[in-house]
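Hi,

Here is the structure I promised to pass on. Have a look at it first, and my notes follow below.

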There are 4 protein chains.
Amino acid sequence: MTNFVPTPAAPAPDIVRCAYMEIVVTDLARSREFYVDVLGLHVTEEDDNTIYLRPLEEFIHHNLVLRKGPIAAVAAFAYRVKSPAEVDAAETYYKELGCRTERRKEGFTKGIGDSVRVEDPLGFPYEFFYDVEHVERLTQRYDLYSAGELVRLDHFNQVTPDVPRGRKYLEDLGFRVSEDIKDSDGVTYAAWMHRKQTVHDTALTGGNGPRMHHVAFATHEKHNIIQICDKMGALRISDRIERGPGRHGVSNAFYLYILDPDGHRIEIYTQDYYTGDPDNPTITWDVHDNQRRDWWGNPVVPSWYTEASLVLDLDGNPQPVVEREEKSEMAVTVGADGFSYTRKQDDDGADSQPQGFKLGAQL
Amino acid sequence: MTNFVPTPAAPAPDIVRCAYMEIVVTDLARSREFYVDVLGLHVTEEDDNTIYLRPLEEFIHHNLVLRKGPIAAVAAFAYRVKSPAEVDAAETYYKELGCRTERRKEGFTKGIGDSVRVEDPLGFPYEFFYDVEHVERLTQRYDLYSAGELVRLDHFNQVTPDVPRGRKYLEDLGFRVSEDIKDSDGVTYAAWMHRKQTVHDTALTGGNGPRMHHVAFATHEKHNIIQICDKMGALRISDRIERGPGRHGVSNAFYLYILDPDGHRIEIYTQDYYTGDPDNPTITWDVHDNQRRDWWGNPVVPSWYTEASLVLDLDGNPQPVVEREEKSEMAVTVGADGFSYTRKQDDDGADSQPQGFKLGAQL
Amino acid sequence: MTNFVPTPAAPAPDIVRCAYMEIVVTDLARSREFYVDVLGLHVTEEDDNTIYLRPLEEFIHHNLVLRKGPIAAVAAFAYRVKSPAEVDAAETYYKELGCRTERRKEGFTKGIGDSVRVEDPLGFPYEFFYDVEHVERLTQRYDLYSAGELVRLDHFNQVTPDVPRGRKYLEDLGFRVSEDIKDSDGVTYAAWMHRKQTVHDTALTGGNGPRMHHVAFATHEKHNIIQICDKMGALRISDRIERGPGRHGVSNAFYLYILDPDGHRIEIYTQDYYTGDPDNPTITWDVHDNQRRDWWGNPVVPSWYTEASLVLDLDGNPQPVVEREEKSEMAVTVGADGFSYTRKQDDDGADSQPQGFKLGAQL
Amino acid sequence: MTNFVPTPAAPAPDIVRCAYMEIVVTDLARSREFYVDVLGLHVTEEDDNTIYLRPLEEFIHHNLVLRKGPIAAVAAFAYRVKSPAEVDAAETYYKELGCRTERRKEGFTKGIGDSVRVEDPLGFPYEFFYDVEHVERLTQRYDLYSAGELVRLDHFNQVTPDVPRGRKYLEDLGFRVSEDIKDSDGVTYAAWMHRKQTVHDTALTGGNGPRMHHVAFATHEKHNIIQICDKMGALRISDRIERGPGRHGVSNAFYLYILDPDGHRIEIYTQDYYTGDPDNPTITWDVHDNQRRDWWGNPVVPSWYTEASLVLDLDGNPQPVVEREEKSEMAVTVGADGFSYTRKQDDDGADSQPQGFKLGAQL
């Protein structure tokens, strides 16, 4: 039975959006080549150990920090809150949860002021901040606009063994669920949760965790994503294209998953939908619906289900990975034990089997 | 001197977003042809006098109501508020402002419940509601997806003589300014104001008013807008294309303005930017910057400055139109008395004139 | 050793382009639904047994004929020649080759006049004609332009056991090779051959044949192809998406393969390149280059290599299928016996292995 | 009465396509900035006086030569012929026409061998060549692919006073007319003529000439053209955008006209249609059809009708400009004496006027 995270009496901090991720890379020069030369993220600032990056339309100092270190991992999932006082609120909230917290008035990274980092109940290093240096928003710098230009940080995606537990914790923190994947036994395989008015600021993917599944950047249009594939082909690094491009069932976004030199997974993402109304309808997908992860029924490669990045505690050590106890989405949908359908079964008795079993999608 | 609208002591209603416009059309069949057959809006419901329309990704009952009537005009600019209680808040707020209000528990249009309509201080018929019928969100109904598909209501645009007065009133109502157009004398020509996390839910355009300048629907990509032009060419109604397509300076969106059979102006709009952070930078444009209204310096046709739709009071009579007293944007930028530049003047003395005067942009 | 087709003394007919394919379908209503309702091809004419179809920009009577019959197969690959006299030339040419020919002054299908059909040396039913009824070219009928609009017939693709033999025969017939796939042992796996100024009018794919691999229609842009996928998802027939979308290495086109109700394979294709110069460079790809078939290294599903449509003789009976004797492309690239690389091996001795073996691409 | 150019007895040279233009620019550095930094053409070779440029998918040495000189003008319109012998054919042909010719075995520009240049009957400097250096075709160098990438030279456009005279001369030379603009009095205003299988390799625009109206490069998609506008806005050179972007009526292409630092006009162009069949239907447009030049009815700016580049004789001196004697397209369509319609008049007597006169299109 799920051991839920208690709801604190203290009010949750008022979160605006996912704001940046700090990742540890083992070869800074190679990572720079990937994020700056291949993906075209803009360098706000850099030194021998750290590179601060942002996409075209960002006006805060950075959305991604690459920090050199011995083990590829994620050091922080950082959220922006609505005011300086909300950093206090976050600190209080997590202290009441019994979590380890660390407050730094001068911030944990350049460009950012008063912040608190926590080891959250799911084992993830979360950060909350308001103060941030404004930098040039390059929105209309079309002289810098590349064919595969990334324009916005869109979301995080976290792997956690117990999705309902994580979901309840994030709902308490003020996130709302836009979509989820379940089965008829009530098992939840994944949930998408938002603060800003998109499908998500973060998602929970059921699996061994805590681990970071991916961080996603948005482009303006679909052809921008295709160009990233084309460019990776031209650079002969197409083996770093893990999955896609395709159309998600969940979120309706056009997507691509690629891998950085350390295996950190990056999603490129465009055109999900508005979720800002208080009664925005939540969409639940059947885990056996073969169009849930790819609307065109194209197969999800096994590595996408199994691989993810370690996350660090506040001392910089990797958090131990706990195994998922419930059924895995891969097992129930791919291979000998799994099945998925394209069309739901008819109810006429004569044809009671799910239809459109897509053979090519099975490995 | 500007006679500002007072700030009520009562709290402003918590507005979520612009939600629908009700417009009066003189020939319902011709308007249906334009909005349904040409533009492809989806009919939620219709009868002999009224058609309720929504774009692909909407889940509330409608974003546009066409109502048959004797005079082409706008009957309501409707906003959705965050909860049922906020409708009360709106009523209280406007009563304190001394505005005429009308409350209808059963709503003013089909599909919508408890609402209040007001004659606001600028003379516009504003509506506030929370209760609304949910309908099928067609987001993934790609079998219905036309080449020029409209996917979302984006914003309203209102003509008012005194922009600073209107701006202060809307800021009190909780809107935030994303961009504006001014000159060095301090005259404000226009302002863009938002509740949801886009550049605007409504904008104020300086001119004789109160009048409705346009209502805007969003597409996913730029080619969708081009298709609308191409289709209007094929239907030999290209004379209903008033301005564009082009790239806005303000908002950075790709745009098109077209005219319905009554001359109501519709904007088709795509790809502005995220404004959800509390300190989202406000951008001020110089009225003489020839790229402010069209980033490519293409001319704004005079009709775009001068023509707009009447708005109705709560009895259904047209509000009288008051002349703008301050300088008009058209006069200061187009023709013999106006000028605009592509490049700001250099400070080197030798070349002290604004540069790149675009002759073709002058009429 | 290859038994080449002799080169006739008679001049080859002057072929303009691939013009139409006649396919036999087992359920005309279901096929109509697929080609007309899903793909949006335009019906020039139809009766109880036959449907004549064309894409938007075609001005000849049809590019595709669906004929009802007992066995799904291809009845004709038809080419347009440069003048009426070239039909005579074709008849003479194939008679000299010893092929069975049939001449019909009134044509084999509606809308087409004097034609000759032949059972060619590879076993395919080829047709040559000049006279054809002109119909409305719908190029600017943007009122009919769907989001996934097909605009042009692009090419045929034929499966044949001995590619060099077929290539030599087609070169004699006036085709020029734009690209091919070979290995270091000199085995040819496929060749692309053109008359019009694109990469191909037909291609030869090595395999058991004669069979029809696919017929391809072009769209204007990449997003049109994505829409076809999205629509097939919406219609819950995503299991008819066999492969793609992707970027071809060969031809550089953006592509998609889908299957009609009988399993006939249709390619949707856009943006290959100009080949009209007499010395247009031929590109040879290494069969082990994992980007040759998909520039992004995405896997080719086995069915794409193994499945194809039967072709008919002039009596309407299926041609017997002869097995390919040489190595199969699938065997040498996929699975236990095959390999493919993303990067060629370095020559520095230290690293003499091909690099970037893409695990996900192996089944 | 028109004094037609006689048809030589000698066979016309077999022209493949328009191949390059040599233009004289007055400031090579500024021109380099425009063509290389702004437009992204690729430099094959350059020295102090000359720059050789090509778009992404070209495999011959260049499609554009910028040569430094005292007067902005065009030195050559160069066509590629089918074989070395066709250069002889061209020389013979023009000698019979009484034209001055100059043959250079080593070519007139780097990268090109045996060529003949002529002062043609219309006063244009035409060149014919076959031998050319092959260079890397960058088709799949997506690492070099800019957001506004030019991929192919598409066509030339020439201003000549007597269009029927020029048309007859070019038809003798083997060009075929795809489209033209006429009026009911039989005046021809323009004609589009092709050798390769697109709408044109060159077009004749009626006006004072001989002058060069524009040279056109193709992009893959429409968004690439929009990016060029956006970039010119970002660089604050939007005053070099002369006309567009828009959809042509003639050719159906999506277009943009921009001006280089000397005022040479460049068209960016995408998605016309296939014209390779011998009986490709010719389309004639009424000069008063307001959608002929812009399918959306957007106005053609006067400078587009009146401005063009001088052309040089074989000594490098500007050819004298002869005035057009017939009516000008601008005069009959724009301003007080002209008219244009969106919809043709009805024949019902009650409404006998052309309809949809687009006021905004008049200057």
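How many aromatic pairs does the structure hold over all chains? The count is 76. For a pair, the ring centres of Phe, Tyr or Trp (its six-membered ring) must lie within 6.5 Å; planes under 30 degrees apart are called stacked, over 60 edge-to-face, and the rest tilted.

Before going on, some housekeeping. This is a predicted model, where local features need pLDDT of at least 70 and side-chain atom pairs count only at pLDDT 80 or more, while totals for chains, interfaces and linings use all residues. Residues are numbered from 1 along each chain as its sequence is written, chains are lettered from A and ligands numbered from 1 in the order in which they are written, and side-chain values use heavy atoms, leaving out hydrogens and water.

Back to the rings. Y79(A) and Y126(A) make a tilted pair, with centres 4.9 Å apart and 55 degrees between the planes. Y79(A) belongs to strand β5 (residues 73-81) and Y126(A) to strand β8 (residues 125-129) of chain A, so this pair ties together parts 47 residues apart in sequence. (Strands are DSSP runs of E, at least two residues, numbered from the N terminus.) Both are buried: Y79(A) has a relative accessible area of 0%, and Y126(A) is also at 0%. Buried here means under 20% relative accessible area, using a 1.4 Å probe and protein chains only.

In chain D, Y126(D) pairs edge-to-face with F128(D), at 6.2 Å centre to centre and 65 degrees between the planes. Y126(D) is buried at 0%, and F128(D) is buried at 0% too. Chain A also has a cluster linked by ring pairs, including F77(A), Y93(A), F156(A) and F175(A).

Two arginines are worth a click. R243(A) has its charged end over the ring of W304(A), 4.6 Å from the centre, and R80(D) does likewise over Y130(D), at 4.6 Å. The test is CZ of Arg (or NZ of Lys) within 6 Å of the ring centre and within 35 degrees of the ring normal.

Now for the copies. Chain B goes onto chain A by a turn of 180 degrees and a shift of 0.0 Å along the axis, with an RMSD of 0.0 Å (least squares on C-alpha atoms of residues with pLDDT of at least 70 in both). These two are thus related as by a two-fold rotation axis. The C-alpha of chain B nearest that axis belongs to E221(B), 3.1 Å away.

Chain B also superposes on chain C by a rotation of 180 degrees, with 0.0 Å of shift and an RMSD of 0.0 Å. For that axis, the nearest C-alpha in chain B is that of A147(B), at 1.9 Å.

Cheers

Methods:
Helix = DSSP H or I, 4+ residues; strand = E, 2+ residues; numbered from the N terminus. Buried < 20%, exposed > 50% of the residue type's maximum accessible area, 1.4 Å probe, protein only.
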